[in-house]
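Please read them alongside the sequence and the coordinates.

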Amino acid sequence: MNSVWQQFTLSSLPLQEWRRASYLHRSVVGLFSTWRQGSWLMQWSEALAALLVSLVFALAPFVSNDLIGVLLFACASFWVLLTLTDERRYAPERANTLTPIHLLVLLYWGISTVATALSPVKAAAFIGWQKLTLYLVLFALTARILRSPRIRSWLITLYLHVALIVSIYGLQQWFYGANALATWVDTQSNLTRITRVYSYLGNPNLLAGYLLPAVVLSLVAVFAWQRWVPKLLALTMFFVNSACLVLTFSRGGWMGLLVAIFAVLVLLVYVLSVHFPPFWRTWSLPLLIGGVTLVLVGGVLFVEPIRDRFLSIFAGRGDSSNNFRINVWIAVIEMIKDRPILGIGPGNTAFNKIYPLYQLPRYNALSAYSILLEVAVETGFVGLACLLWLLVVTFNSGLQQLRRLRQTGSREAFWLIGAIAALFGTLVHNIADTVWYRPEINTIWWFMVAIIASYYAAPVTRSDLLANSSFDRGSDS
């Protein structure tokens, strides 16, 4: 059974053997490596890549999607340049740049490409395919540079500071008021007079999705950062980001936050339990689960806005937001039934071309309001199965590397915990929403996946040892 699981999660896949034997890899990667050796600019390639990725994360909440697209295109172009000028021969220090996560990302891109080619609205699907390609190449570039702990720490710190600015402005809206840019609360609800903050992102659900990883990373930063001043800063970030996220009154955001925080606490107990006395090693997790449950029940019972918002989840069609989503889901399911294998093609442009043919009267929608339904309608059940496979491989890889870091006692384990928990929370948030597709969140999502991929350590095989030995002899000669 363990062998089947390893095969399914690609844990024992000999990636480096494939890399050495692959004709595509040998013919494309490093095609212009000679030019790179004489280029002064490419000596700073990792720093330049980090700068481009930093611009994406620093500007995403404040600029238009078009400008984000330009920055993503610059990142993609630089990744192509790095790939074409990479070292041709096998280098041990680059042995782990290819991971099982990369293979599943490539497979998902391939399925989306076929779905685009077979789409009934090819021109519209091609627009979505371009956007998807830019996001996936951002993942490839980010995973490459994040293998440097210094760059990893820099990009995480940058994101946390930008998120703090976003949260501070959101809290200002709470204290001084902000105009609702759309109808975000049922007019019959007790929350109609409550301000739902949206900061620079223009939508409270989108703001919640953007801040969720920041809450998680700021919490683990309390453990990852060593000096007291940074720890106090991390603690401040955690409370400010958490408060702003709660004040979005996003039900999906709240659920995602609860799941993410719970995942963080469980993984922290797992990593730190090696230092616990026997009693706490046995009872820390049950006590944690009980404590979290009591806090949640207390919040629902005694805090009226939380109680009203929470109970609205179970109101069915009695809540206008629920009713809207249910009607959209009915239409989307009919779309999936008509093209169940490869869908209509990726992107909201293709969705907007096809959805009006199925929508119920007065229920216009820009997306499926569920990430699972959205993937199914865009790339069919084939694409959905691939995405779920990608998630399983990603989480399995993250937990494997977390086990390794736990044994070594490395502080890097805390960032890995944050990335895993942030992905869990974002998935839960998007069960009944699709803010995942917005650039501000999609870039952060692939950033979290890249963090997990950057920790990957391939199992050493006999052929790897022989290749390393040959490389060393070649260097000596």
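Is the crossing of α6 and α8 left-handed or right-handed?

1. The crossing of α6 and α8 is left-handed, a term used where the near helix is turned anticlockwise from the far one by less than a right angle, with right-handed used if it is turned clockwise. The contact is made by Gly 69, Leu 72, Phe 73, Cys 75, Ala 76, Trp 79 and Leu 82 of α6 and by Leu 134, Tyr 135, Val 137, Leu 138, Ala 140, Leu 141 and Arg 144 of α8, where contact means heavy atoms within 4.5 Å. By class, this contact of α6 with α8 has 12 nonpolar residues, one polar and one charged. The axes of α6 (residues 65-84) and α8 (residues 122-145) come within 9 Å and cross at roughly 55°, so the two helices are oblique to each other (under 35 degrees counts as roughly parallel, over 145 as roughly antiparallel, 65 to 115 as roughly perpendicular and the rest as oblique).

2. On provenance, this is a predicted model, in which local features need pLDDT of at least 70 and side-chain atom pairs count only at pLDDT 80 or more, whereas totals for chains, interfaces and linings use all residues. Residues are numbered from 1 along each chain as its sequence is written, and side-chain values use heavy atoms, with hydrogens and water left out.

3. For the chain as a whole, there are 20 helices and zero strands, helices being DSSP runs of H or I of at least four residues and strands runs of E of at least two. Of the 477 residues, 51% are buried, that is, under 20% relative accessible area with a 1.4 Å probe. Among contacts between residues at least 6 apart in sequence, 78% join residues at least 24 apart.

4. Phe 447, which is found in helix α19 (residues 439-454), is buried, with a relative accessible area of 1%. Leaving aside residues up to four places away in sequence, Phe 447 touches Phe 57, Thr 142, Leu 146, Leu 155, Ile 156 and Tyr 159. The C-alpha atoms of Phe 447 and Val 53 are separated by 9.6 Å, although these residues are 394 residues apart along the chain.

Conventions: Buried < 20%, exposed > 50% of the residue type's maximum accessible area, 1.4 Å probe, protein only. Axes fitted to C-alpha atoms, helices over the stretch in contact; angles between N-to-C directions. Nonpolar A, V, L, I, M, F, W, Y, C, P; charged D, E, K, R; others polar.
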